[in-house]
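Let's take a walk through this fold, one piece at a time. Have the viewer open and follow along.

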Amino acid sequence: AKGGRYFTEEDAAKVRTFKYKGGDDSLSYIYLHSPIANWFVEFLPMWLAPNLITFISLTCMLIPHLLFNYFAWNFKGIIPTWLLIGGYVGYLFYSLLDNADGKQARRTQSSTPLGMLVDHGCDACNCILGTLQIICIFQLGCTIWTPIGLCVIVLPFFYGTFEELYRGELRLPIINGPSDGWTIIGVMYMLPIFTGFEFFDELYTIYDYTAPIKHFLVIGCCIIHGLYSLYILYGLCKYAPSIGRIFYDFNSFHFITAGLLGTCYLYPQEVLEENMRMMVYSYGFMFTLLCGHLQLAIISQRPAEMHKLSVYLFAALPLINALYYFQTSQFLVNPYYLSCALMILTTLWYAHMVFGVMGEMKKILGINIFSIKKEKEQQC
């Protein structure tokens with residue numbers, strides 16, 4: 001294959017020899033999720049492509065997410081009981097299909113590096129979609145607490161992807177979010193059914209600090225995910241070339257995160273009300289793009305290309321606009337137009353990457369994306 005936009009000829013040669021390595025040491029996965037997925041795939045037809053299962057799994061989160069948007073566009077509103085239950089059921093189906101796609105790939109002998117990209121790419125999207133739904137449940141609204149909650153939850157996912165790059169495999173520990181978080185997530189979805197959404201606005205005091213319960217919930221998430229992120233960083237030190245290299249590679253993600261948090265802190269409330277949804281979606285697209293570039297580096301067996309001018313401009317432009325407002329009470333650029341522009345650009349950039357990578361991978365590997373070649377099916 002000739003060199004393309006995302007893969008050089010040297011990359012293509014390495015992609016053809018790439019073999020995914022990974023595992024999950026969680027007892028919940030070993031004794032619950034994996035057996036259920038093994039049972040489930042026995043009912044799937046041999047012609048059903050693993051990538052198609054992966055995309056179907058994403059719709060299990062996307063459909064409830066769109067409904068959450070209708071009832072809580074500004075991350076605050078009364079979400080019906082049927083949607084809370086449906087949202088959690090959608091999450092459970094996503095988890096089931098997320099485990100089943102890999103087992104279907106091995107069952108039909110159709111495992112490919114593209115399958116890993118699709119699977120982990122959908123996981124990154126689900127990380128954003130699922131987190132925003134929890135934020136709606138917590139009734140965080142268009143405040144600084146919404147980007148704090150989003151950023152702190154996606155942090156371990158990004159660090160874990162980097163660990164896979166340095167380590168050469170994705171090994172989930174005995175306690176991990178993807179396998180063990182389903183019970184906690186279930187409690188989050190079901191809690192307002194019994195307490196009402198006003199529960200999250202009730203004031204609570206701990207050591208002379210009084211705040212709404214929803215803020216303590218976010219702080220708790222910060223502590224748990226912060227400790228887990230430190231655990232991943234400790235593991236990274238064993239495999240990375242140097243500690244300096246780790247923080248150098250992390251700069252792009254840290255920069256867009258700091259940009260979002262700083263912008264939301266400086267913007268006035270009325271601007272946040274109008275732009276918060278677009279801002280967090282733009283951040284979500286940037287997060288999935290960076291995770292995508294990490295995955296490309298993994299299958300191409302080369303260093304990650306994380307430092308792109310467009311990434312830094314994405315974070316810098318709204319932050320500069322917010323800083324200018326903070327100093328002068330005027331905006332350099334209308335924040336609504338700026339948010340719209342960044343939302344459109346990040347969406348197009350993400351779409352370009354998805355379709356571009358799939359097209360090049362199809363040529364490099366000589367495979368179909370959403371179907372299994374007949375000769376492979378016959379081998380089974």
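Before we start, one cut-off: a residue counts as buried under 20% relative accessible area, as exposed over 50%, and as partly exposed in between. Keep in mind, too, that this is a predicted model.

With that scale, take Gln109, in the loop between α4 (81-107) and α5 (113-138). Its relative accessibility is 43%, so Gln109 counts as partly exposed. The backbone is worth a look as well: phi of Gln109 is near 55°, a positive value in a residue other than glycine. Most residues other than glycine have a negative phi.

Now jump to the loop between α11 and α12, where you'll find Gln301. Here again phi is positive, near 55°, and the residue isn't glycine. Gln301 is partly exposed, with 43% relative accessible area.

Next, the inside. The largest nonpolar core has 101 residues, and Phe7, Ile79, Ile137, Phe158, Phe253, Ile256 and Phe287 have the most contacts within it. Helix α11 (residues 269-300) is the top contributor, giving 17 residues.

Finally, how do α10 (residues 243-266) and α12 (residues 309-328) pack? Their axes are 8 Å apart, at an angle of about 25°, which makes α10 roughly parallel to α12. The contact includes Phe255, Ile256 and Gly259 from α10, with Phe314, Ala315 and Leu319 among those from α12. By type, the contact residues are 14 nonpolar, five polar and no charged. As for handedness, α10 passes α12 in a left-handed crossing.

Methods:
Residues are numbered from 1 along each chain as its sequence is written. This is a predicted model: local features need pLDDT of at least 70, side-chain atom pairs count only at pLDDT 80 or more; totals for chains, interfaces and linings use all residues. Side-chain values use heavy atoms; hydrogens and water are left out. A nonpolar core is a set of buried Ala, Val, Leu, Ile, Met, Phe, Trp, Tyr and Cys residues joined through side-chain atoms within 4.5 Å. Buried means under 20% relative accessible area, exposed over 50%, partly exposed in between (1.4 Å probe, protein chains only). Helices (H or I, at least four residues) and strands (E, at least two) are DSSP runs, numbered from the N terminus. Axes are lines fitted to C-alpha atoms, for helices over the stretch in contact, and angles run from 0 to 180 degrees between N-to-C directions. Angles under 35 degrees count as roughly parallel, over 145 as roughly antiparallel, 65 to 115 as roughly perpendicular and the rest as oblique. A crossing is left-handed if the near helix is turned anticlockwise from the far one by less than a right angle, and right-handed if clockwise. Contact means heavy atoms within 4.5 Å. Ala, Val, Leu, Ile, Met, Phe, Trp, Tyr, Cys and Pro count as nonpolar, Asp, Glu, Lys and Arg as charged, and the others, Gly among them, as polar.
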